[in-house]
Amino acid sequence: MNDAQSAFKDQEMLRDKLDKEIHEHIATKKELKATRRTLEGFVRMAELAENQCQKEKRNCEQLRSELREHLKDQQTLRDKLEKEMSQHIATKKELETTRREAESAENRYRTEKSKCEQLRWELEQHIKELEREQQLRKTAEEKVLGDSVSAASATSKDDKMWWHYSFKEIQTATENFHERNKLGQGRYGQVYKGVLRHTSVAVKVLAEDRIRDRQEFQKKLEIVSRLHHPNLVLFLGACPDKGCLIYEYIANGNLEERLYCEGVTAPMPWFIRFRICLDVARALSFLHTCPQPIVYQELKLRNVLLDHGLISKITDIHMAELIPMTSSSGAHKITESLFTRELAYIDPDYQRAGTVTCEADVYSLGILILQLLTKRPPLGIAFCMEEALESGQLDRVLDKSAGEWPLEEATSVAQLGLKCMEPRRKDRAKLKDDVLPVLESVQKYSASLYGRQTDSRH
Ligand SMILES: Nc1ncnc2c1ncn2[C@@H]1O[C@H](COP(=O)(O)OP(=O)(O)OP(=O)(O)O)[C@@H](O)[C@H]1O
């Protein structure tokens, strides 16, 4: 083989190689073209996608801002709702409070109404009782006036005005002085409830030393049995040998218990208190104006009993002292030791004069009046009332549980109470001229307020 041939061969091989490379190049070019198209497609798709994205993004922005607006609106609405809700709760609470207040006001109204009804009923009973007793009183007073002189010396006579009960009868009546029938224990003995000859009675069993002087005791019984007055507890009889005194039973306890609402009783209204002052003053006046005057000496809250109509009656009348007919001054030396009496109620003039007069009762009445006005203990009561009146602050010391006191009337009763308590007996208020007129006019005022006459006695 020559050179030409080998060159040709080389050229052939080169041409084949070039052809092959051209083919490969063409194929690669085609591939590249295809790839380029694909890529261009991708680019377009990417552009489309980006456009879409932009659009979506814009939509999103739009939605977000709408959402923000919406949320803002919702927040405003929620704030408004919360505000309204709390207003609603506050209104509801207010309504609840108002409802409770209305309920308690209604309850208070009902209680007050029933108290009023009760008082009205009691007043009506009082009127009936007074009417019934008025007649009794008239005849009794006439009889007493006629009889009391002879009564002092009636011990040996047989014309007894009281029942003589046997001890057996009294034992039966009190179930042999059973504890459950015991009404209380005083300084001079025990008191039992019982039923004697179909009548409710209080049996007072006096201590032995109280009946030692038989004659004196009998004499007292004769006098006491002749004392009939609507405001005195009625003495029915006795079993003198055993020191048992039989009194009518008074159902509503004593004034101290009622004033201090023991046994959860309702407070006494002011007009009942005014009436009690008058009742007690009338009882004292009756005793003092007997032909042979009687000084009660035992006036205090515990010795004023109240019946079902809240009419007051003074008890322990057997403790009273007769002023001897021989005493021109109306003064009497008493044998009783002062220390057996309640000190605060004792006439301060007794120590100076050494004798007792009817003014001693007026002094005790003064304390009782001030106690009913203020519900305070007797000690220092006059001083406290003087201060209140001088400073024009009476309402500060008046007992608020008695209701709305009429100030003008309360002032005149308070002044009267102080006048009764003047240290010197000659300066004290006089029952007939001062005490009764003031208390009667106050009673008239109370009656006019309640639209009817609650007192038919005078
Ligand atoms: N007739 C009566 N009806 C109903 N209760 C009465 C009667 N008499 C007395 N009592 C009651 O019996 C109790 C004792 O009364 P008593 O008179 O013996 O003593 P006191 O008044 O408490 O004290 P003091 O001996 O100091 O007077 C009191 O609670 C009184 O209210």
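How many residues does helix 11 have, and what distance does helix 11 reach from its first C-alpha to its last? Helix 11 (residues 431–449) has 19 residues and reaches 25 Å between these two atoms, close to the 27 Å expected at 1.5 Å a residue; the expected span is 1.5 Å times one less than the number of residues in the helix. The structure is a predicted model, in which local features need pLDDT of at least 70, side-chain atom pairs count only at pLDDT 80 or more, and totals for chains, interfaces and linings use all residues. Residues are numbered from 1 along each chain as its sequence is written, and side-chain values use heavy atoms, with hydrogens and water left out.

The secondary structure of the protein consists of 11 helices and 10 strands. Helices (H or I, at least four residues) and strands (E, at least two) are DSSP runs numbered from the N terminus. Of the 458 residues in the protein, 40% are buried, where buried means under 20% relative accessible area, exposed over 50%, and partly exposed in between (1.4 Å probe, protein chains only). The accessible surface of the protein comes to about 26900 Å², and 54% of this surface belongs to carbon and sulfur atoms. Accessible areas come from the Shrake-Rupley method with a 1.4 Å probe, and for residues only the protein chains shown count as cover. Among contacts (heavy atoms within 4.5 Å) between residues at least 6 apart in sequence, 69% join residues at least 24 apart.

In helix 11, the buried residues are L431, V435, L436, L439, V442, Q443, S446 and A447. An α-helix has 3.6 residues a turn, so residues three or four places apart point the same way. The buried residues of helix 11 pack against helix 5 (270–288), helix 7 (359–374) and helix 10 (407–420). L431, which lies in helix 11, has a relative accessible area of 9% and is therefore buried. Not counting residues up to four places away in sequence, L431 touches A281, L284, S285, H288, V362, L365, L436 and P437. One of these residues, S285, is 146 residues from L431 in sequence, yet the two are 6.4 Å apart in space, C-alpha to C-alpha.

Helix 3 (residues 214–225) has 12 residues and reaches 16 Å from its first C-alpha to its last, close to the expected 16 Å. Its buried residues are F217, L221, E222, I223, V224 and S225.

I170 is found in helix 2 (residues 167–173) and counts as buried because its relative accessibility is 0%. With neighbours within four places in sequence left aside, I170 is in contact with Y165, F177, L196, V203, C239, C244 and I246. The C-alpha atoms of I170 and A238, residues 68 apart in sequence, are 9.4 Å apart in space. F177, one of the contacts of I170, is placed in the loop between helix 2 and strand 2. The phi of F177 is near 55 degrees, a positive value in a residue other than glycine, and F177 counts as buried at 18% relative accessibility. A positive phi, of about 60 degrees, is also found at L310, which is not a glycine. L310 is in the loop between strand 8 (304–306) and strand 9 (312–314) and counts as buried at 1% relative accessibility. By contrast, F383 in helix 8 (residues 381–390) is exposed, with a relative accessible area of 53%. The C-alpha atoms of F383 and L418, 35 residues apart along the chain, are separated by 9.2 Å.

The ligand is surrounded by 20 residues, the closest being R187, K204, E248, K300 and R302; a residue is near a molecule if one of its heavy atoms lies within 4 Å of it. By class, this shell has 8 nonpolar, 5 polar and 7 charged residues. Ala, Val, Leu, Ile, Met, Phe, Trp, Tyr, Cys and Pro count as nonpolar, Asp, Glu, Lys and Arg as charged, and the others, Gly among them, as polar. An oxygen atom of the ligand is 2.7 Å from an N or O atom in the side chain of K204, and a polar side-chain atom of K300 lies 2.5 Å from an oxygen atom of the ligand. A backbone N or O atom of I250 lies 2.9 Å from a nitrogen atom of the ligand. Polar contacts are pairs of N or O atoms within 3.5 Å; within protein, one must be able to donate a hydrogen and the other to accept it, and residues adjacent in sequence count only if both atoms are side-chain atoms. Taken alone, the ligand exposes 610 Å², of which the protein buries 94%. Strand 2 (182–186), strand 4 (199–206) and strand 6 (244–248) are the elements that give two or more residues to the shell, and the largest share, 4 residues, comes from strand 2.
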